[in-house]
Amino acid sequence: MNKQHRLNYELGITNVPNDAACPDNALSVASGMVFHDDAYHVVQRPKEAIESMHIDSRSFKLLYVHKWNTDTRYIVSCSDGVYWGTCNEQTHSFNIDTTNNKLFEPTGDINVTSIGKIVIITDNTGIKYFKWSQDKYTNIPPLTAPSFDIWMEGSLPDDSRGQWEWWSRLEEYLPSTRAGATVVYTTRDVPENPLNNADFVLGGYAAVKRVADRRGLFYEPFFAVIALELQDGSYTMISQPYLLFPSFQDNTITQIEASEATFILEGKELRINQSIDYTIYEGIVKDVVLFVSKGVELYETSFIRETPRDTVCSMWGISANGSSTSPSETYFHRIGHIRSSMPLERRKITEVEEEIKNTSVFYKLCSLGLSPVNNFKVEDHIGRTTLENLTTSDRLNNIDYFSHSQLIPSNLTSYNSRLLMTSVRRSIFGGYSDFCSFSSSNVSYLEDHDHREIVVTPVTNKYRYEVTIETEHGVETVSIDKKSGNRQGLYFYYPDPRAKHVCIYRIHEGVTQGDRVEADLILDTDLVEHKGLNGAYYFHGMPVTFKEITLTNEDEVDLQVDVEDEIYEEFVYATGYIPLTPPVNNNTEWLENYILQSEVNNPFVFFAKGYIKVGTGRILGITVNTHALSQGQYGQHPVIVFEDDAIWPVAINNEGYLAAVDQPIGREICNNPLSITQTDDAVFFSSEKGLMRITGRDVVCVSEQLNGKNGELGSFQQYLRNAFIAYDYRDSLLWIINPNHEYSPGVKYHWVYSMKSGAFAIYLDLYYWQIAPSHVINNYPDTLIQSSIGDGKVYSLLTRDNINEDPDNNYVVGLQTRPIKFDNGQALKTIMRMKSIYDLDGGELTIQLEASNDLEHWFVLRHLRGRPWKYYRLTYSFANLTPAATFTGTTFEVQERRTNKLR
């Protein structure tokens, strides 16, 4: 009895199980045709998109396609640099001006992506930004921290700066010519026993401070910080806290009499120079902003002295301090005894110092603008009540100093208008500010009868800073030289809480021994992690200490002898020789399992909250997952991270940042990051198992049918190790290409995988048509393939003609079955009839039928019927096909020879 069999070979190419047990619908070769939609279809050739990438004797490699608005530009490279060009869609000609279109000369491997109109390129030296504007790309350097000088200014009595005077009356202290930073508050509403009335005294003190605030003056120790404000209102490139001393202890004189009370306060004006021009970042950087902390109160504000007494008022402060590169003379002044009672109680110095140490809140004071400023007068740019209501101003949040560090990523990609970086090497912060506005100076005392004048001559010295930092990967030491006009060692802040120790040397320039220079060690101390800031610090204490003198009678005071004050000076621990130049700071941290993500539409800024640590391994690559990881959770884990020990999903938190999860979705290991390919509903990658697919949380191998004994096509797993994948969006195919793998000597091939059917095929046609793929460029939904021959032509998978309109009718393809047993490999059988089902659209088909009884020796059959055989094999050869041609399969009528009949 004859049996009917229909085979459509939907399994495609397989090599498991072995030939003796393989199913009848498997192939050993499927060349140029792949099974999907219930039939074999011709794999249509890519279409030429760029006719030549060989211009002006240069061969260009296509790196990236930048789309912005309706324009498309191509980022390319050649032996002498990275360029950009355009393509004429009608003629497919590539246009590039090799004189004006050069972007830069890279070092090492290049990675390219874009956010909006900005193209981001990384090489071994770091990140480069190029903004498309006015029909060209403009290089925008990475954001730079503001470069600024900040100092205090305030007037003193004419011709008496720095003098210690004896004034018997208040009017002598306040000559008519005195102006500037002296604030006077007078009231005639004096209660009985005013010196013992705390409400009255403290109210008068608050009133004179309010007047100073409204004049924009500073009168208490405070910190200043400068930061860049971004378009979204966040801040970056935040400077270190800069400690300023308008005064060190007393800054108020109080004279209270029965009919009138006068409160006098010495304040200072704040000045700033800022030299960086940020107008090139317009649209990214909104403003340069000055923040200040609340002043540290020098007096008790909850009680007054029990016994007010006349006293020497020690009004010390910096009266004029120029920039660190060009310091002016600095004067310290002490106001001598006036017939004045001092009802205010000084705070303990230890309390003042502790408050300075713990200051961590900074309030927005004013805008400096995007352009450089010189001698910027803060009081002219703030409102009348700004200082008075300082604590109601915007606070500087998320103080993050990692923005100062250079980032060198290995991989770039973008997601939701954020730039994502992996395998990042981050430099250890190596820049310094002066940290404390207190002049490095020579102090001399000139005595003349009642006068003691303290004149400070400015000195600019060269210093070397060495900071020791304990990182996850070991101990790093950062060393840098800097000239400064400020005394070092009074206050030091390093913007990394992992900093543990600092040494500061004052260098004696010109005093050398060979390659070493003489230097004084002026600070050698451990750093303390700041409680409220992302840093570590050292604070020596208040720069001036005092001996308070109580006066009972003005005639009893010897002004030259009895006043003892100590002004902070740099202390020399040791003197010796250090290397003439500091070591080159190549200190970097390898963030091997971190993803760094920028702000939305701002690839320049990477806040600390955008750092996420994923797993425990090393990140090999990342891609976007477009399928839900669980029912009802679509899009909650949009990014997949491939590490050398697992595959991790990444979620999105409430602020829109990526956030790591605790459990991996699989322990499969990607062995070829180039193979990681995102499609519409799955992610594919290569492992030692073969071609893997991720859909949601399911990770499966889709090439198990190719994991058997190697045949003519060799090992599929080995082929994958150096292959890249092109996603054919239109036909739902994966083109798996290894440019260096040969089918036979001189004959190369690549694999084609149908995402619809799961069938594999190979493709030889590209090489026949002089298309030798060297790499692919994602241009979703298109994928571009550049050829290594034929002038580097670029081909498109998406723009191919519709299969019914493609004029090509010269496709030569073929199929070869694996041994067919017709359900019984041990029985002898004869093919009585066979008929193939196809629509060749004018093409030709030739079928060769072979037979065997041992799977080793095969014989070509000239006709059907005749002798029975155990195994059959068919080879289908197609010629002159069009892309619309299809082959559905073959039906067989088979007669099995019976071997168990009774005789």
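Which lysine side chain does glutamate 48 meet in a salt bridge? Lysine 793, with 3.4 Å from N to O. Keep in mind that this is a predicted model. Glutamate 48 sits in strand S5, and lysine 793 in the loop between strand S61 (782-787) and S62, so this pair ties together parts that are 745 residues apart in sequence.

How open are these two residues? Glutamate 48 is partly exposed, at 24% relative accessible area. Lysine 793 also has 24%, and counts as partly exposed.

Lysine 47 and aspartate 801 meet through their side chains in a salt bridge, 3.2 Å from N to O. Aspartate 801 belongs to the loop between strand S62 (794-796) and strand S63 (811-817), while lysine 47 is in strand S5 (residues 47-50), so the pair links parts 754 residues apart in sequence. Aspartate 801 has a relative accessible area of 27%, which makes it partly exposed. Lysine 47 is partly exposed too, at 32%.

Next, a pair in another setting. Arginine 271 forms a salt bridge with glutamate 269, and their closest N and O atoms are 2.7 Å apart. Are these two buried or exposed? Both are buried. Buried here means under 20% relative accessible area.

There is also a network. Salt bridges link Arg426, Asp496, Arg498 and Glu589. Across the whole structure, the search finds 35 salt bridges. As a general point, side chains of opposite charge can pair when their charged atoms come close.

On to the strands. I will centre on S48, residues 647-652. Why call S48 largely enclosed by the rest of the structure? Because 5 of its 6 residues are buried.

S48 has a strand partner in S47, residues 639-643. The two pair in the antiparallel sense, over 4 bridges. Look at valine 641: its bridge partner in S48 is tryptophan 648.

Then comes S49, residues 658-660. S48 pairs with S49 over 3 bridges, again antiparallel. Here isoleucine 652 stands opposite leucine 658 of S49. These strands also form a hairpin, with 5 residues between them.

To recap. S48 pairs with S47 and with S49. Strand S5 holds lysine 47, which bridges to aspartate 801, and glutamate 48, which bridges to lysine 793. That is my tour.

Technical notes
Residues numbered from 1 in each chain as written. Predicted model: local features only at pLDDT ≥ 70, side-chain atom pairs only at ≥ 80, totals over all residues. Heavy atoms only, no water. Buried < 20%, exposed > 50% of the residue type's maximum accessible area, 1.4 Å probe, protein only. Pairing = 2+ DSSP bridges. Salt bridge = Lys/Arg side-chain N within 4 Å of Asp/Glu carboxyl O.
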